[in-house]
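Subject: A structure to look at

Hello,

Here is the structure I promised to pass on. Please open it and keep it in view while you read.

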Amino acid sequence: MSEIREITLTVNGKSYQGRCEPRKLLVDFIREDLGLTGTHIGCEHGICGACTILFNGEAARSCLMFAVQAQGADLLTVEGLAKGDEYHPLQQAFHEHHALQCGYCTPGMLIAALDFLATNPAPTEDEIREGISSVLCRCTGYVNIVKAVAAAAEVMRAAAPHPPADAGPSLSPRAGRGPG
């Protein structure tokens, strides 16, 4: 039997402590130990993207990581998008544009889109298709997903604080990282 390890991490702004075997996958820890079941388990090989989360601010497949690798990390899961009863612009756009059918890929798609829009806040349709290509959807054909991401990008740009006219270019923490 493997030695049980202690883990402390932050998920959706809340600190958690847990115990698990070193071989436990992060996606299983999130779902089973933390009770956050929005992150879905799909292929368990990092192909489908259903388990996509933000790991220290960048999209990551939680099925390809062990929970112990998240020691001290800051994670964002789909449960962390909404603020109380207020949907995140991506969630609202997915709802308004019916950008889901079965919904299985939706949590991973929302997180992947959030990560993509952090690097490309004004994408073209082709850029959106490339940016979300890391998550497979077997139901929708992506048409409404692309529309939803474009609509959310517009809302997010309008809500973003604008730098003063005399301010130089601002560098985001993700500057220099290519889309997708």
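Below is what turned up, going from the whole chain to single residues.

**The whole protein**

Please keep in mind that this is a predicted model. The protein has 5 helices and 5 strands. Starting at the N terminus, the order is β-β-α-β-β-β-α-α-α-α. There are 180 residues, and 42% of them count as buried. The exposed surface comes to about 9900 Å². Carbon and sulfur atoms make up 52% of that surface.

**The largest pocket**

The largest pocket holds about 170 Å³ of space. Two elements each give two or more residues to its lining: α3 (106-119) and α5 (143-159). The lining residues include Leu 114, Leu 117 and Ala 118. Ala 153, Met 156 and Arg 157 are also among them. Sorted by class, the lining has 8 nonpolar, 1 polar and 1 charged residues.

Helix α1 covers residues 26-33. Which of its residues are buried? They are Leu 26, Val 27, Asp 28, Phe 29 and Ile 30. These buried residues pack against four strands: β1 (5-11), β2 (14-20), β3 (52-55) and β5 (74-76). Just after α1 comes Gly 35, with a positive phi of about 75°.

- **Ser 62** sits in the loop between β4 and β5. Its relative accessible area is 0%, so it is buried. A polar atom of the Ser 62 side chain lies 2.7 Å from the backbone oxygen of Cys 51. Beyond its neighbours up to four places away in sequence, Ser 62 touches Leu 25, Leu 26, Val 27, Ile 30, Thr 39, Cys 51 and Ile 53.
- **Ala 67** belongs to the loop between β4 (58-61) and β5. Ala 67 counts as buried because its relative accessibility is 0%. Neighbours within four places aside, Ala 67 is in contact with Ile 7, Cys 20, Lys 24, Leu 25, Leu 26 and Phe 29. Ala 67 and Ile 30 are 37 residues apart along the chain, and their C-alpha atoms are separated by 8.3 Å.

Is Gln 91 buried or exposed? Its relative accessibility is 15%; buried means under 20%, so Gln 91 counts as buried. Gln 91 is part of helix α2 (residues 89-96). The Gln 91 side chain reaches the backbone nitrogen of Ala 82 at 3.4 Å. Not counting residues up to four places away in sequence, Gln 91 touches Val 78, Leu 81, Ala 82 and Leu 110.

Next, look at Ala 99. This residue is in the loop between α2 and α3. At 1% relative accessibility, Ala 99 is buried too. Which residues does Ala 99 touch, leaving out those up to four places away in sequence? They are Phe 94, Asn 144, Ile 145 and Ala 148. Ala 99 and Ala 148 are 49 residues apart along the chain. Their C-alpha atoms are separated by 6.4 Å.

Asn 12 is not a glycine, yet its phi is positive, near 55°. Find Asn 12 in the loop between β1 and β2. Its relative accessible area is 25%, so Asn 12 is partly exposed.

Tyr 142 is another non-glycine residue with a positive phi, at about 75°. Tyr 142 lies in the loop between α4 (125-131) and α5.

**Where to begin**

Start with helix α1 and its five named residues, Leu 26 to Ile 30, which count as buried. Then go to Ser 62 and find its contact with the backbone oxygen of Cys 51. Finish at the largest pocket, where α3 and α5 each give two or more residues to the lining.

Best wishes

Technical notes
Residues numbered from 1 in each chain as written. Predicted model: local features only at pLDDT ≥ 70, side-chain atom pairs only at ≥ 80, totals over all residues. Heavy atoms only, no water. 1 Å grid on protein atoms, 1.4 Å probe; cavity = no way out; pocket = protein on both sides within 12 Å on 5 of 7 lines; lining within 4 Å. Points joined across faces, edges and corners; volume = space filled by probe spheres on them. Nonpolar A, V, L, I, M, F, W, Y, C, P; charged D, E, K, R; others polar. Buried < 20%, exposed > 50% of the residue type's maximum accessible area, 1.4 Å probe, protein only. Areas by Shrake-Rupley, 256 points an atom, 1.4 Å probe, with all protein chains shown as cover. Polar contact = N/O pair within 3.5 Å; in protein donor to acceptor, adjacent residues only side chain to side chain. Contact = heavy atoms within 4.5 Å.
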